[in-house]
Amino acid sequence: MSARPHYRASPCPASASAWGAPAPAEARPRALRFCVQLRLHFHFRSRGGQGRQQRHGPRATAVTSCYQCLLISLFRAFWKKVHYLLMMDFTFHSVPMKPADLLCGEARGSSSKMISLSIKRPLVTMSFLLSSLLMLLTVATPSWCQRSETTSPKASNRAPFPWNKMRLPEHITPVHYDLVIHANLTTLTFGGTTEIEITASKPTSTIVLHSHHLQISKAALRKGAGERQSLEPLRVLEYPPQEQIALLAPEPLVVGLPYTIVIDYAGNLSESFHGFYKSTYRTKEGEVRILASTQFEPTAARMAFPCFDEPAFKASFSIKIRREPRHLAISNMPLVKSVTVAEGLVEDHFDVTVKMSTYLVAFIVSDFKSVSKMTKSGVKVSVYAVPDKINQADYALDAAVTLLEFYEDYFSIPYPLSKQDLAAIPDFQSGAMENWGLTTYRESSLLFDAEKSSASSKLGITMTVSHELAHQWFGNLVTMEWWNDLWLNEGFAKFMEFVSVSVTHPELKVEDYFFDKCFNAMEVDALNSSHPVSTPVENPAQIREIFDEVSYEKGACILNMLRDYLGADAFKSGIVKYLQKYSYKNTKNEDLWNSMASICPTDGTQRMDGFCSRGEHSASSSHWRQEGLDVKTMMNTWTLQKGFPLITITVRGRNVHVKQEHYVKGPDDAPETGYLWHVPLTFITSNSDSVQRFLLKTRTDVLILPEEVEWIKFNVGMNGYYVVHYEDDGWDSLTGLLKGTHTAISSSDRASLINNAFQLVSIGKLSIEKALDLSLYLKHETEIMPVFQGLNELIPMYKLMEKRDVNEVETQFKAFLIGLLRDLIDKQTWTDGGAISERMLRSQLLLLACVRKYQPCVQKAEGYFRRWQEANGNLSLPSDVTLAVFAVGAQNPEGWDFLYSKYQSSLSSTEKNQIEFALCITHNKEKLQWLLEQSFKGDTIKTQEFPDILRAIGRNPVGYPLAWQFLRENWNKLVQKFELGSNSIAYMVMGTTNQFSTRARLEEVKEFFSSLKENGSQLRCVQQTIETIEENIRWMDKNFDKIRVWLQNEKLELL
Ligand SMILES: [Zn+2]
């Protein structure tokens, strides 16, 4: 799955930042105090003797109580429900013990043991239980056991539900699904029959699987697979809290024999963005048309058909879709035949899929049109879109063909299907989804209008298509065993975006944007509320929550670091080996590292297939041989502990002292966490630009240089996932270098220095004055990434000031920022010329200048807007300047209304996003409120746009109280539509609150979210935003006066 790209209306970091900070700047946290102090207090106590007792105490109690409960439960089961039990086997008896199971250890294994014991020795068990009962009756039942009894699962019909865990039992395995689904786009309902061939590895008469919001009318069991034997009815129990059903057979299934379960059911097309859901679009003529599409990842396949909805239950699927003749159906596999089953009803039969997980199944019923091309190896690639937009499909089609060919070559594994469809869905929550053979996209992530689409939209589309196609191997062919290792899918797909596009579309220079992903991840990973890359999750909301920056961006960054360390060829042979070994299987973290551990580069030549290339491969490939390679130990330090290291460098003559500690935001007196990483350090010096390498495994170490140097720069190209601090005059030397000849180091290195300097301000290692002094070199900067990074650091500062009553300094600071970039702004042409990076830089700078009311820009933009309005929107504006022009035009009510009228008729996603963004920056509160209401309702502005609109208004200095109020008032509906734990919810929470910088707002935020209880208070994004606001307050208290004084410094007059 792809998150909504940051490239949208506000294509790149700076764009949104200019208005209030989307992209990287968006999550710029500025600290925490109170909350962390509380946590640390607890932490401290738990380290002491008393704390230890407290921690171990409950565990011991749990074990004892666990057995008591087990016995009590068994007795209750035997004595009170004998009539019921007679229908079941022992497996069934032993399951309704929720608390016992949960406390008796790691569910599956241990409960299986209990089950087999009761089967093999029923008499022994019986007598043991009887004597135990007597004993138990003499003592009071533990109070928590009584409590647990009241919470043991009860099916919808109040009968006991025979399973008490979120995860399904392992002893029934699906082998093949036959799905027949009839979508009725008139009644907005669907019905179907699901036949699942299963096998049992234990005798059991209970089959537990997933089903959510489906009305099951009939279930039956057939011995054998697909044979026409008689059906035996199955009793159905439903347990909505776990989204499960249990099918009860009259007698136990025989181990090893094939069985087929047959389930008839019906449901409503979902009004949300997941499951089998309704989408609509308006034709040029104004007619509203309906289609139905699927989004199953992570846990919504169960909303379309009953299934074993966990990634490790891989099976093959034969899918048949019934539809009206005027529609067409597409699915994972090519169409085999269509038959008319009734008057006005056609059934499409699709080919049998390869073995795959349920979350990758997909089908769409629509009136889409398509365009197609073949790859060199004969795979048919098609792009589907609504008829009015099919002329925008060509760019994605070509990109998909090129990228699919690239991956077949890079992975040395042929794409296993004969076709790949890419479909643009008018209503889509995330950016895209990698369903095998039928990837689905938000329209703006796939459709490219040669005339109106922006440079950043081209970059975004290419990256998104590349991401979803990478998943066809990473994720689809080889899948994580459980969602805790989601990063194996997402970190890799994110990483491969850069590996592939840097080769297939070198003109986009994607490698320039990579480190920005790492900065993004570090923003949340620096907080106490972060989590390890590989992290335990169980329920659907927790699963949705890890589709976050840590799984995607940090995952990609640590893979890039490993690749830089091993060398591109060695890394590649490791992943090819991994993919080959685990094709059609599931993996854990360690399977990847084991595949990596035994690779060696075969020669000293560097192939041009990667972006983190080194100068001299032969030299670099030997460094780790000498050091001894332990990929698993090294990478475990990055995946199993949260956060990242701060590396402190102290140069004493030729000696370079290095020290690592956990970089974590929070109060200055926070105790050490004791985390230690294996850090592949790289550095260059004033005397040598060849990259030196050193693996730091200990807390401190010393490197000896051949000679003394003027400056030293660590983390070359920002390939490592760590922050560097230069002690003594280390920062002064680097600032001197930037101000003198900044091109002596790469633009990535410049951007990383800017980032690191401000990161160090946050934790009190560097003064704000020094960081601001360093930023002054930007006066001479022309490259996109250092400029964007500067904006990402500086804009959030005035956004914090906007939330306090400090107008004078705020105005001065804004003027300083424009002064800093004035020369670069003045140099911009108002055209679409140049490389992608130049075009993106232009678009953002002009936008910033216009919003900050830099008059030369505003006047020019006003002229363009006037002419565009006079031509009734038919004048073709250079797409790079459109955002700035619209932003200026939206400042007066008439211009705003005109823009809105054009929004409704536009067929270009880029143009719509640009207009939407401009509409959100008005200072007219009524209009802002109206936008919130309209996009929430979803008639004229689609609800999929709501998170962006809410966030943009949340960044608007006049609008943010409205956005915050709206979020609070509509929380329950928002959670229904976008789902608890989803990335969209986190995006909205952070977007409306994480730039607050006052104690009053902090209290409001805490109060509101804690009042939500289980409907949101536990979300990680809530912790993140609270920590961030606390950081903001601390940061402002500490630095605001210093900034005020610094702004009056005479040095600034030079600007
Ligand atoms: Zn993905």
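At what angle do the axes of helix 12 and helix 13 cross? They cross at roughly 125 degrees and come within 8 Å. This is a predicted model, in which local features need pLDDT of at least 70, side-chain atom pairs count only at pLDDT 80 or more, and totals for chains, interfaces and linings use all residues. Residues are numbered from 1 along each chain as its sequence is written, and side-chain values use heavy atoms, leaving out hydrogens and water.

**Two crossing helices**
- Helix 12 covers residues 455–471 and helix 13 covers residues 487–504; helices are DSSP runs (H or I, at least four residues), numbered from the N terminus.
- Axes are lines fitted to C-alpha atoms over the stretch in contact, with angles from 0 to 180 degrees between N-to-C directions.
- The angle makes helix 12 oblique to helix 13, a word for angles that are not under 35 degrees (roughly parallel), over 145 (roughly antiparallel) or 65 to 115 (roughly perpendicular).

**Confidence**
- The chain's mean pLDDT (the predictor's confidence in each residue, from 0 to 100) is 85, and 82% of its residues reach 70 or more.
- Over residues 6–150, pLDDT stays under 50, and residues 601–627 also stay under 50.

**Salt bridges**
- You can look for 44 salt bridges in the structure, each a side-chain nitrogen of Lys or Arg within 4 Å of a carboxyl oxygen of Asp or Glu.
- One of them joins lysine 665 and glutamate 523 at 3.7 Å, N to O.
- This pair links distant parts of the chain, 142 residues apart, with glutamate 523 in helix 14 (residues 514–525).

Notes
Contact means heavy atoms within 4.5 Å.
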